[in-house]
Amino acid sequence: KIADQTVGLMFVNYRRHHRFEADEIDDIHLFANQAAVAIRNAQLFGGIKGQIRAQEALLRLSEEFLKVTSLRATLQLAASMAAEVLAADFADALLSISEEIAASASQPWRGTTEQSLGYNKAQATYTIAQRAPVIVEDYHAELRFAPASTISDYGIRSGLSVPILRGETCVGALMVYRTTPYRFSGQEVTLLRLIAHQTAVALEKVQHYEAIIKRSNQLKALYEASRSITDATLGFERKDILDRIVQQAVNCLAENGAGKATVGGIRLYDDRTNELVLESVYPPDRFATLAERIGERTSLQTGPDSVIKIGGARPHGLDTAPPISSETYRWIPIILNFTLSELAIPLVHHNKVIGVLAVESEQLAAFDEDDLRTLEALSELAVVAIHNSKQYDDLKRTKELVGASTALAWMG
């Protein structure tokens, strides 16, 4: 013992019968007390050394966070550092967006470069809901949630997860795992929470940076699109102009060099038949049947009061723009049957809807407010281009009629 604290037990054994005298017992007590002092000093030294290592790791993490510029790199760094500092076999850092686990980064199984745990969504969701650390001493006995199948696949037995909090908002979860049953200490919980706090700060910085870069790229793309559409109005046929508009709509909505929209289309309103006519799709050669659908008509009158909804987006997309008119409406048919998100913008000229410009994606919740603003700006350019094209066609027809009339007059 040291200061009334028991740090261990000392045994003195003989191979034969022995009766311990009082002075022998006193000597053993002296040795035991000396051993207790040595053990406690070693424990304190080990604890201080561990704290220093942890502080150095947190400092290194802060420095590394300053260098990263993407969400995935931030999550990967957090997972890697958590695995290193807590001597874990696995670590996951997960980001929650609109109650869906949308991005994750796993620290691979030690000794390999390809296998990774993949995210343990059930525990992450539970941790985010609890907004508190979750300790699992043995996944075989876990009843609060259903662990991911990879937990058993990789022989993982214990884990610790903490929420990533940004102010009062829980934005994700940070988790570490071991392949043996283990109860994580309070000090380890505190350490992981510190890493999670640094991760939250870094995520906010990176998200702000990505938003600036994304908006800058979209403005550049919109500028290039405006030039392209303007050039296309000079002497081009209407079909060529519409093709250029749809192409620029798809290309404008890109993120980190990758397109968010799988396909785009433009439908113009035929007021004589009360129908929308599919005039152009892009890319026309990526899917075999797209080109065949040019000219496809969609009736706006399916019942005495039915109108079609132009504007806004399908479920999992972005619900924003209102329908053309009030109460009963239905969606414009999608171009691809595996579309999961759609963003549709009405083309309005002098308060009259002349068509709709839409982009579709294979991703859930693919489009956001920035995409909406970008496509709205592009739609305004498209309206001008379509109107100018119509005026050009009208002027061309008028010129032909005047020419024909003049020829008839000369012929007497």
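Biologist: Let me start with the terms: buried means under 20% relative accessible area, exposed means over 50%, and partly exposed is in between. What is the relative accessible area of Lys352?

Modeller: In this predicted model, Lys352 has a relative accessible area of 43%, so Lys352 counts as partly exposed.

Biologist: Which side chain does Lys352 meet in a salt bridge?

Modeller: That of Asp271, at 3.6 Å from N to O. The two come from distant parts of the chain, 81 residues apart: Lys352 is in strand β15, while Asp271 is in the loop between β8 and β9. Asp271 is partly exposed too, at 48%.

Biologist: How many salt bridges does the count come to?

Modeller: The count is 14. One of them joins Glu275 and Arg297, 2.8 Å apart from N to O. Glu275 sits in strand β9 and Arg297 in strand β10, so this pair ties together parts that are 22 residues apart in sequence.

Biologist: Is Glu275 buried or exposed?

Modeller: Buried, because its relative accessible area is 18%, under the 20% cut-off. Through shared partners, salt bridges join Asp270, Arg272, Glu275 and Arg297 into one network.

Biologist: Changing topic, how many helices and strands does the protein chain have?

Modeller: There are 7 helices and 15 strands. Of the 412 residues in the chain, 39% are buried.

Biologist: Where is Ala87 placed, and what is its phi?

Modeller: Ala87 is in the loop between α2 and β1. Its phi is near 50°, a positive value in a residue other than glycine. Arg131 is not a glycine either, and has a positive phi of about 55°. You will find Arg131 in the loop between α3 and β3.

Biologist: How does Ala87 count for accessibility?

Modeller: Ala87 is partly exposed at 42%, and Arg131 is partly exposed at 35%.

Methods
Residues are numbered from 1 along each chain as its sequence is written. This is a predicted model: local features need pLDDT of at least 70, side-chain atom pairs count only at pLDDT 80 or more; totals for chains, interfaces and linings use all residues. Side-chain values use heavy atoms; hydrogens and water are left out. Helices (H or I, at least four residues) and strands (E, at least two) are DSSP runs, numbered from the N terminus. Buried means under 20% relative accessible area, exposed over 50%, partly exposed in between (1.4 Å probe, protein chains only). A salt bridge is a side-chain nitrogen of Lys or Arg within 4 Å of a carboxyl oxygen of Asp or Glu.
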